[in-house]
Amino acid sequence: MIKIAVPNKGGLFGPTLELLSECGYHIKKSEKALTCIDHKNNVEFYFIRASDIPMYLSAGIIDIGITGIDFCVERQSKAVKVLDLNFGHSKLCVAVPNESEITSQDEIQNLRIATSFVNTTQAFFAGKNNTTVELEGAVEISVKLGISDAIVDIVETGSSIKQAGLRIIGEPMSYSNAAIFTRPEYKENDEIKKLTSRVAGKIVASQFVMIEYDAPKAVSEKACQLTPGIKSPTITPLKDTSWVAVKSMIEQDKVNEVMDQLESLGCEGIYTTKILSARI
C-alpha cells in the first residue's frame, strides 16, 4: 500500500480532493482525521500541511505528495516532480509600503523583510545585508505593526497587498503551481503509474472538447484541417452520400473560432461535448 500526502487545508486542499475523487480515488477527511485508507486503490492518504509535505517526501516517509512547487524549493526538498497540475498557480512577490521611496528590488538592502519563505528570500537577496523576519501567516500586516520594512509573500489577486497599504515592486521572484512529487529514488510501481495516468487524463480532458459536425463531402478536407484531432478525425459516411459526419478532439480555447470557420464552410449540426477523462 502506497502512502500519499495531500494538503490538510488551504487553497490546495479543495482542488486536490476534487481531482483525486474525479480520478476514482475514495478520499474523505473528517474534522480531525489525519489519515484515511482507500482499500480499493491500495492507497493510504495522509493529511499534512502543504508546506511540510516536501520534508516528508525528502525523508522518504511518504511515497507521493501533492503540494506547491514553491514549498519544495523553500524546503530545499529532494522530492522529484513527476507531473504539473493545473491549479494552485501563484507568484512570490516583493512588496513595500505605498509611501516608500523604493522603486526597484535592487534597493531592498539593510531592511527587515517579513516572509514565510525564508530560504528563498535569503537566497534572492544574498549580499544585501537584509534581516529576515520569519512569519507563518498574515505577512502583509507585519509592516503596519512595525516588525518589518518590506515583505515577500505569495500573491494571487493582489487584493490583500493593496488592503495592507503595500505595493508590489519588480517582477515576481518566482512562479508556482501544484504538482505531484515522489520521494527520491522512488521506483515507479503500478499504483503510481495508475495515479499519474489518471491525473494526466483529467488534465488533458480539461484542455480539449469533442466536436462533431456534418460536412459536405466537397469541403470535408478543409474542415478536417480545422479539426485534425490527435492522430486524425473520425469520418463516417451519411445516407446522403454528398455529406459525411466528422468527430474530433479540439483545444478548448479554440472552440468558438473553429465553429465559426466550420459554419463558414457550410458545415451543419456543429456541437461540442465535454470530455471527462482522456488517455492520449
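Modeller: Let's start with charges: one sits over a ring if NZ of Lys or CZ of Arg is within 6 Å of the ring centre and within 35 degrees of the ring normal. Bear in mind that this is a predicted model, where local features need pLDDT of at least 70 and side-chain atom pairs pLDDT 80 or more, while totals for chains, interfaces and linings use all residues. Numbering runs from 1 along each chain as its sequence is written, and side-chain values use heavy atoms, with hydrogens and water left out.

Now to Tyr-25: Arg-198 lies over its face, 5.0 Å from the ring centre.

Next, ring against ring. Rings of Phe, Tyr and Trp (its six-membered ring) pair if their centres lie within 6.5 Å; planes under 30 degrees apart are stacked, over 60 edge-to-face, the rest tilted. That rule gives three aromatic pairs. In one of them, Tyr-25 and Phe-45 have ring centres 6.3 Å apart and planes at 90°, so they meet edge-to-face. Tyr-25 is in the loop between helix H1 (13-22) and strand S2 (35-38) and Phe-45 is in strand S3 (residues 43-48), so the pair ties together parts 20 residues apart in sequence. Helices (H or I, at least four residues) and strands (E, at least two) here are DSSP runs, numbered from the N terminus. Both Tyr-25 and Phe-45 are buried; buried means under 20% relative accessible area, exposed over 50%, partly exposed in between (1.4 Å probe, protein chains only).

Compare Phe-124 and Phe-125: their ring centres are 4.9 Å apart and the planes at 80°, so this pair is edge-to-face as well. Here Phe-124 is partly exposed at 38%, whereas Phe-125 is buried at 6%.

Back to Arg-198, which is one of the buried residues of H6, along with others including Leu-195, Val-199 and Lys-202. Helix H6 (residues 190-207) has 18 residues and reaches 26 Å from first C-alpha to last, close to the 26 Å expected at 1.5 Å a residue; that expected span is 1.5 Å times one less than the number of residues. Its buried residues pack against H1 and the strands S1 (2-7), S4 (64-68), S5 (80-84), S11 (178-182) and S12 (208-216), where contact means heavy atoms within 4.5 Å.
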